[in-house]
Amino acid sequence: MVKKSIIYIFIYTLLVGCESHLLTNDECETDCYLNIEAPSLQMDENGYYHIEWLEGYNQTFSTLDVNTGSTFLIQKVYWGSDKGIMYGGEPVSCVNPASYTDNGVAHTVLSVWEVMITDTITVYAGYHDECDIEHIDSIKVIVEDEIQD
């Protein structure tokens, strides 16, 4: 009996994630959120991140993180940006289109090309929680030839 109760509690914990509470069939509450960060990039006083173009390379990369508050469920996070390039006749975004959370955190790679120096890139992330509430966040990243201290 105790073993069966523990299994039910474990399954309930997996299904609920980020403190959602099903009230009725039409109501659902959740404390999930979405927050994008660029931990390896500098942020200025206006909230813009800065990535420095590395001379001699085809691309410059940085990792972006998103926190969802959903520590029990695996969430699929969608990524997009307002910039990209054409490669082989196909559009290529500055970010991978999707990633999955692990303990509430998902990662993607931001890549920039030399033609983007002086551009400001907006990166978007979003997901739907178990209450089907869409969470969206964005950051702005300025591509610089050389970052001034």
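1. The side chains of Asp44 and His50 form a polar contact at 2.8 Å; a polar contact is a pair of N or O atoms within 3.5 Å, where, within protein, one must be able to donate a hydrogen and the other to accept it, and residues adjacent in sequence count only if both atoms are side-chain atoms. Asp44 itself sits in the loop that joins β4 (42–43) to β5 (49–52). Strands (E, at least two residues) and helices (H or I, at least four) are DSSP runs, numbered from the N terminus.

2. On provenance, the model is predicted: local features need pLDDT of at least 70, side-chain atom pairs count only at pLDDT 80 or more, and totals for chains, interfaces and linings use all residues. Residues are numbered from 1 along each chain as its sequence is written, and side-chain values use heavy atoms, with hydrogens and water left out.

3. For charge, Lys and Arg count as positive and Asp and Glu as negative, while His and the chain ends are not counted. Buried denotes under 20% relative accessible area, exposed over 50%, and partly exposed the range in between (1.4 Å probe, protein chains only).

4. As to the overall composition, the chain holds 1 helix and 13 strands. In sequence order, the pattern is α-β-β-β-β-β-β-β-β-β-β-β-β-β. Of its 149 residues, 37% count as buried.

5. Most residues other than glycine have a negative phi. Asn103, which is not a glycine, has a positive phi near 55°. Asn103 belongs to the loop between β10 (98–100) and β11 (105–113) and is exposed, with 58% relative accessibility. Thr118 likewise is not a glycine and has a positive phi, of about 80°. The position of Thr118 is the loop between β11 and β12 (120–128), and its relative accessible area of 66% places it among the exposed residues.

6. Thr101 is in the loop between β10 and β11, and it is buried, at 5% relative accessible area.

7. Thr30 lies in the loop between β2 (28–29) and β3 (35–37). Its relative accessible area is 22%, and Thr30 is therefore partly exposed. The side chain of Thr30 reaches the backbone nitrogen of Cys32 at 3.2 Å. Thr30 and Asp129 are 99 residues apart along the chain, with 8.0 Å between their C-alpha atoms.

8. Ile36, in strand β3, is buried at 4% relative accessible area; Ile36 and Asn67 are 31 residues apart in sequence and 6.6 Å apart in space. Ile142, in strand β13 (residues 134–144), is buried at 18% relative accessibility; its C-alpha atom is separated by 6.3 Å from that of Ile121, 21 residues away along the chain. Val105, in strand β11, is partly exposed at 23% relative accessibility; Val105 and Val77 are 28 residues apart in sequence and 9.6 Å apart in space.

9. Which residues form the negative surface patch? The patch consists of Glu52, Glu55, Glu114, Asp145 and Glu146. Patches are made of residues with over 30% relative accessible area and no salt bridge, with like charges joined within 9 Å and nonpolar side chains (Val, Leu, Ile, Met, Phe, Trp, Tyr) within 5 Å. The place of a charge is taken as NZ of Lys, CZ of Arg, CG of Asp or CD of Glu. Accessible areas come from the Shrake-Rupley method with a 1.4 Å probe, and for residues only the protein chains shown count as cover.

Definitions and conventions. A salt bridge is a side-chain nitrogen of Lys or Arg within 4 Å of a carboxyl oxygen of Asp or Glu.
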